[in-house]
Amino acid sequence: MRWQSWLKPWQQMDGLLFILPVAVSMFGGLMILSTELKQPVTDWWWHWLIAAIGSTIALFLARCRYENLMQWHWFTYGLTNFSLIAVMLAGTSAKGAQRWISIAGFNVQPSEFAKVGLIITLAALLHKQTASTIESVFRVLAITAVPWALVFLQPDLATSLVFGAIFLGMLYWANANPCWLILMISPVIAAILFSISWPLSTPIVLSKEISLSILGLLWAVAMGIVGWVSLPWKRFGIGTIVSLCLNLLGGELGIFAWNHVLKEYQKNRLSVFINPEHDPLGSGYHLIQSRIAIGAGEVWGWGLFKGPMTQLNFVPEQHTDFIFSAVAEEFGLVGCLILLSVFCLICFRLLHVAQTAKDNFGSLLAIGVLSMIVFQLIVNVGMTVGLAPVAGIPLPWMSYGRSAMLTNFIAIGIVESVANYRQRQKYY
């Protein structure tokens, strides 16, 4: 039939993987409208319009052969870094960061699109050479370090963390030793253990500071043991020494970063994560109000357009980073579980595409997108309930943000191409 021939270019697409993000985007538009009934902040319908444009781009990408991206991965990498440099030189500043560049009257956030650029680049590199050797891991680390540093200097700590999640997820899928991945993130954990209690100077916290310092030393020793077991440099205990020194250096750099690198709003976010009541009318206000809104929803919620915390705009940034608190208040625990189940199903479909891809390049593309979505989902939901610091990471397809929405649909379109060009079945 005619409609079957028209659909033939998309016959191998993963239908659920396309339909579910579209459905989440539609629901996200409703929730944004609900948060802005009393005090409009944005034109909520832009969320649906960008979702429509993004889904169209995804369908177009699903028809294109993803293998062509491998031939252009260095161009993609160069364009990614160029855009990140351009925003630092001619970008627009807001809230202490320079992250946006104006194009034809629209503010574009290059760091969002850089996520896809990094996924394509790393997939091409790891397709050619797996991460089974230390040399290949360092090579991928060096490639990742450039866009990561450019994003961190904007400063955009949240997106730089997403880069780290993509990097680790793709390395794991490319057969890297899990112990090496632990060693790579261990200096960050050491930095947190040595410096996280610095902003709160009370007698109780001072005792916690001493405890965290001891815990940091124990962590460094434990990583020295992991280095001795997993690293190939066993002569003279070089692996142990390197791992131990990196973690001690990470602790010192954490203290230095706290005092000289992190912006005041970034330090406040970490402080209120430990103790939201430390600044209840300032940095802790977002988290406290978000918890109240989530608790007010109870099991079934107040109903769409009926949540008092949502309608009276008690939760700041509820149309972007804290959109999940609006869902919890108006649809309760049941609504949250349904939404999280939909996200889980999207992630399972991404994993399925990765497992059934016809080559390593396609599989790595799917895993890179999966790592990006999972990390953003965990951090966003975690920060609204107080299980993670407020990091400014949007909830995929739900939070208002044009660049983020397009990025997520471009990523889905690339994965759909991987699914579409698997081993084809014969149709008669």
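This is a predicted model: local features need pLDDT of at least 70, side-chain atom pairs count only at pLDDT 80 or more; totals for chains, interfaces and linings use all residues.

Guide: A word on terms before we zoom in: helices here are DSSP runs of H or I with at least four residues, numbered from the N terminus.

Is Thr159 buried or exposed? The cut-off for buried is under 20% relative accessible area, and Thr159 comes in at 5%, so it counts as buried. Its side chain does have a polar partner: a polar contact of 2.7 Å joins it to the side chain of Asp156. Now skip the neighbours within four places in sequence and ask what else Thr159 is in contact with. You get Ser111, Lys115 and Val151.

Look at the numbers of two of those partners. Ser111 and Lys115 fall within residues 110–128, the range of helix α6.

Where does α6 lead? Its axis comes within 7 Å of the axis of helix α17, residues 402–420, and the two cross at roughly 25°. Angles under 35 degrees count as roughly parallel, so α6 is roughly parallel to α17. From α6, the contact is made by Glu112, Phe113, Val116 and Ile120. On the α17 side you'll find Ser403, Ala404, Leu406, Thr407, Ile410, Ala411 and Ile414. Sort the residues of that contact by type and you get eight nonpolar, two polar and one charged.

Now let's step off α17 into the loop between α16 (360–385) and α17, where Trp397 has its place. Trp397 is buried, with a relative accessible area of 1%. Trp397 also belongs to an aromatic cluster: ring pairs link it with Phe343 and Phe409.

The backbone at Trp397 deserves a glance too. Most residues other than glycine have a negative phi. Trp397 has a phi near 70°, a positive value in a residue other than glycine. Phe305 also has a positive phi, near 65°. Phe305 is found in the loop between α13 (285–297) and α14 (308–311). There the relative accessible area is 34%, so Phe305 counts as partly exposed.

While we're on rings: they pair if their centres lie within 6.5 Å, and by this rule the count comes to nine aromatic pairs. Trp44 and Trp48 make one of them, with centres 5.0 Å apart and planes at 80°, so that pair is edge-to-face. Trp44 has 24% relative accessibility and counts as partly exposed, and Trp48, at 30%, is partly exposed as well. Trp45 and Trp46 form a stacked pair, 5.3 Å centre to centre with 20° between the planes. Within that pair, Trp45 is partly exposed at 42%, whereas Trp46 is buried at 17%.

A polar contact of 3.2 Å joins the side chains of Ser186 and Asn247. Not counting residues up to four places away in sequence, Ser186 touches Trp219, Met223 and Asn247.

Asn247 has a number within the range of helix α11, residues 238–260, and Glu252 is found in that helix too. Glu252 counts as exposed, at 52% relative accessibility. Follow the chain back and you'll see that Glu252 and Phe194 are 58 residues apart in sequence, yet 7.6 Å apart in space, C-alpha to C-alpha.

Finally, zoom out. The secondary structure of the protein comes to 17 helices and three strands. Of its 428 residues, 49% count as buried, with Thr159 among the buried ones. Take the contacts with a separation of 6 or more: residues 24 or more positions apart account for 72% of them.

Technical notes:
Residues are numbered from 1 along each chain as its sequence is written. Side-chain values use heavy atoms; hydrogens and water are left out. Axes are lines fitted to C-alpha atoms, for helices over the stretch in contact, and angles run from 0 to 180 degrees between N-to-C directions. Angles under 35 degrees count as roughly parallel, over 145 as roughly antiparallel, 65 to 115 as roughly perpendicular and the rest as oblique. Contact means heavy atoms within 4.5 Å. Ala, Val, Leu, Ile, Met, Phe, Trp, Tyr, Cys and Pro count as nonpolar, Asp, Glu, Lys and Arg as charged, and the others, Gly among them, as polar. Buried means under 20% relative accessible area, exposed over 50%, partly exposed in between (1.4 Å probe, protein chains only). A polar contact is a pair of N or O atoms within 3.5 Å; within protein, one must be able to donate a hydrogen and the other to accept it, and residues adjacent in sequence count only if both atoms are side-chain atoms. Rings of Phe, Tyr and Trp (its six-membered ring) pair if their centres lie within 6.5 Å; planes under 30 degrees apart count as stacked, over 60 as edge-to-face and the rest as tilted.
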